[in-house]
Amino acid sequence: MAIDRRSFLAALGAAIGTGLSPRGAFAGEPIYVSACTNANGVHHVAAFSQDGRMRFATTLPSRGHDITLRPGGRELVVFARRPGNWMAVIDPISGDVRKVVPAMPGRHFYGHGTFSDDGRLLYATENRVENGDGVLGIYDADAGYVRIGETMTNGPGPHDLTFLPDGKRLVVANGGERTEADSRDALNQGALESSLAVLRAGTGEVESHIELPRELRSLSIRHLACAPDGEVVFGCQFKGDALNVMQLVGILTLSGETIFLDIPEDDLLSLENYIGSVSLDRSSDIIAATSPLGSVVAFWDRTSRRYLGRRRMSDICGVAAAPERATFLVTSGNAGVGMTQIEGRAIERIGGDLDRWIWDNHTLSLDRA
Amino acid sequence: MRLLAAMGFLLAFALGAPANAADHRQVALRAAREFALPRYEALAEATSSQAAAWNDACRSKTPRDLKALDAAFHAAADAWAQVEFVRYGPIGEEFRFERMEHWPERRNAVSRALSNLISRPDAEILSPERFQETSVAGQGFSALERLLFEEETRNGLRSSAPASERLCQVGKAIATALATTSRKVSDEWRQKTLPMLEQADEARAREAVTRLVTDLLTALEVVEDFKLVGPLGPSIDATRPTTAEMWRSGRSTRAIHLNLEAAGALTRALLGPNPGDEGQGALDAIESAASISENAPEDLRKAVADPRGRTKIILLRDAVSSARTIATAGLPPSLEITTGFNSLDGD
């Protein structure tokens, strides 16, 4: 279903940040941004503070997925859920839509994107519709987000991506699924081509291409979180026999190897072969991975690789670092928003307005980005 | 632009207004009072009787007669199947759900956990406090069924051999844990969840309804994809009979029937006296699948490999599949909710 470009732009032109907050109010205060849906099924992108107050809620023409902050804090970019026809540039304070960038003909947005350190270039994961190859679309933010080129991701179904700390290389999670034009269904079920590709941002050259061992070919690597030392945490979804159980969370180490993090069997089973989001805490020492299928968030210590336990929250998916160490903000599709610590007990609900929304897959912490 | 902003604000305000504040609370309260509370109370009673039966059995002289244990198991498993799919409320806390039943079994987790409990010599691991810390796969109905109905352990339980005592103590520990958890869940529904719903604001009331509907739709998915399609396998030459739920005790079809009946009962409670067209459609589809399951071959494990039996199981699968489609489309709008989507179609 292709969206007619003009009506689509009109839809977003009429999409208004409701302007609940005075300008400039978020300095110093932790603000989170997430795609969400209201009780009537209308899709939005919303920002809220940690005390549960909504800062803005801007309507979107279809479900949003991830959000990225332009360095310098000038703009947020929201990506449509895959296969997506748009990305939207949003004012981070008011939520006003500044610009809508439709997908290039023959390409779909695939849900995630990230900026170069200087904030000039935006890299978005995209699908080449005709053959299912993964590409990174490159956009010049200074020139109104004009698409200046693209580079191959070396695998189908690119999803999340992250810059390494040198600011020169990008890691892309190629989910490995080839899909038909407008569909989300994999054509190559059972023979996924998932991989991590390390690309030179300047030239698009593939510096390394890491595939999982053959026996793990039904794992789809989807989400990433990069630590300041260059280790990249990845979360997977298992697409094979539902009666099988696979390790799901791993690290791309500094030496370029992939290792999977140990977890007790009871806890692994409760992840239901599905990780929806991964995050590092403020110190980057603690890893959190959420499973909306299992309604579980699990934690590890990144340095020691030690498993730290899990917490339960219905339909949990979004997870972002909170200001305090070893603390995360977590969001749910049917149980509001909460704060969770690796120490202590149940997840604490924030409540208030946040309970009124259906929170989508990812949450971005603004003051950390 | 400013005018548009003002209009957008008004629109957002209108959409966000709690038009059904009382309704969602009434819906949640009906589901609690007519469905959850009585069923959890029945489960607490049935599992308590089962624990008492094991207590008696372990004190009785060998060789043991297992008739009372069998009857107690079937009664408790019936009560469980009638509320099994609910995750909302106290069953979802402290990982209670996964302690109650561990199915589908993956990596032979139940078998390994049970062997471990049986082969360890210490009595202390079977004390209620320590037992909680053992593998959850060994703590619930799945492990108890295997202990009681798998030939080797069943013969062991009956016999006068020295190993019989340990088998009985393991069974007693599982039955006690099931009774304790079920009692806690029932009490907390009465003492915490129900009063919370009675006071709930619109957001919390709608959350309760949304999560119960999500649980209900998930139940239809589990019945179709795991309880039916799993054992059916891709063809009559490639069936997977031992992936059926509780096949050792011959409960596979009965469990499906009770699950579907429960799904119908919850749908009825949620919709109340005026279900509307879409709601009625969903209710009819679920009740039709439940009634087809009542006449499905009792031994699912055999039926999937028998041409005539297989046809009946496929018919049941189709009825469940169609109920799932109709309910997924019809229930959320008729109850004025939108189900959370992370667990249904994440990315």
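Domain bounds here come from an automatic or database domain assignment. This is a predicted model, in which local features need pLDDT of at least 70 and side-chain atom pairs count only at pLDDT 80 or more, while totals for chains, interfaces and linings use all residues. Residues are numbered from 1 along each chain as its sequence is written, and chains are lettered from A and ligands numbered from 1 in the order in which they are written.

**View 1. The two domains of chain B.** Chain B is split into domain 1 (21-200) and domain 2 (201-347). Their centres, taken over C-alpha atoms, are 23 Å apart.

**View 2. Where the domains of chain B touch.** Contact (C-beta atoms, placed from the backbone, within 7 Å) links 28 residues of domain 1 with 32 residues of domain 2 in chain B. On the domain 1 side, helices H2 (21-59), H3 (67-81) and H7 (141-149) of chain B each give two or more residues; helices are DSSP runs of H or I, at least four residues, numbered from the N terminus. H2(B) provides the largest share, nine residues.

**View 3. Helix H9 of chain B.** H9(B) covers residues 163-198, 36 residues in total, and reaches 52 Å from its first C-alpha to its last. At B:Trp189, H9(B) bends by about 45°, the angle between axes fitted to the seven residues ending there and the seven starting there.

**View 4. Chain A against chain B.** Here 38 residues of chain A are in contact with 33 residues of chain B. H2(A) gives the most to the side of chain A that touches chain B, with three residues.

Notes. The expected span of a helix is 1.5 Å times one less than its number of residues. Two residues are in contact if their C-beta atoms, placed from the backbone, lie within 7 Å.
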